[in-house]
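Hi,

Here is the structure I promised to pass on. Have a look at it first, and my notes follow below.

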Amino acid sequence: LKSLLGRSAKAQRETKVEFDATHKRLSQALREIERLNQKLDKLQSRPTHLDLLMDFETNFDKALLSVGQAGGEDTSATPAPAPQAEQ
């Protein structure tokens, strides 16, 4: 009976140590999940490459229109100047 009680106490201690270690790993995993969810929320709110490209195209078009209106000439069809011959 004494031997049986000793083995039972030892098994109970080992189980408690294992439980504590598992509980600690669970807490770490939950913190990591929370950290990754926050990172995911942050990344989802960022504009995509396509959004950035569309914004660039829109701003570029507006800039071309304003330059065309201010300068009075079409910059896309401007011929390159001919090189001058050296004397």
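**Salt bridges**

Lys16 and Asp20 form a salt bridge, with their closest N and O atoms 3.2 Å apart. (That term stands for a side-chain nitrogen of Lys or Arg within 4 Å of a carboxyl oxygen of Asp or Glu.) Before going on, please note that this is a predicted model: local features need pLDDT of at least 70, side-chain atom pairs count only at pLDDT 80 or more, and totals for chains, interfaces and linings use all residues. Residues are numbered from 1 along each chain as its sequence is written, and side-chain values use heavy atoms, with hydrogens and water left out.

Where do Lys16 and Asp20 sit relative to each other? They are 4 residues apart in helix H1 (residues 2-44), so about one helical turn separates them. Helices here are DSSP runs of H or I with at least four residues, strands are runs of E with at least two, and both are numbered from the N terminus. Lys16 is exposed at 51% relative accessibility, while Asp20 is partly exposed at 36%. For those words, buried is under 20% relative accessible area, exposed is over 50%, and partly exposed is in between (1.4 Å probe, protein chains only).

The structure holds 2 salt bridges. Another one joins the side chains of Arg35 and Glu32, at 2.7 Å from N to O. Arg35 and Glu32 are 3 residues apart in helix H1, again about one helical turn. Both count as partly exposed: Arg35 has 43% relative accessibility and Glu32 has 35%. As a general point, side chains of opposite charge can pair when their charged atoms come close.

**The aromatic pair and its patch**

On to helix H2, where Phe56 lies. Rings of Phe, Tyr and Trp (its six-membered ring) pair if their centres lie within 6.5 Å; planes under 30 degrees apart count as stacked, over 60 as edge-to-face and the rest as tilted. By this rule there is 1 aromatic pair. Phe56 and Phe60 make it up, stacked at 5.8 Å centre to centre with 20° between the planes. They are 4 residues apart in helix H2 (residues 49-71), so about one helical turn lies between them. Phe56 is exposed at 53%, and Phe60 is partly exposed at 44%.

Phe56 and Phe60 also belong to a nonpolar surface patch with Leu50, Leu53, Met54 and Leu64, about 610 Å² of accessible area together. A patch takes residues with over 30% relative accessible area and no salt bridge, joining like charges within 9 Å and nonpolar side chains (Val, Leu, Ile, Met, Phe, Trp, Tyr) within 5 Å.

**The whole protein**

Overall there are 2 helices and 0 strands. Of the 87 residues, 0% count as buried. The protein exposes about 8700 Å², with carbon and sulfur atoms supplying 60% of it; accessible areas come from the Shrake-Rupley method with a 1.4 Å probe, and for residues only the protein chains shown count as cover.

Cheers
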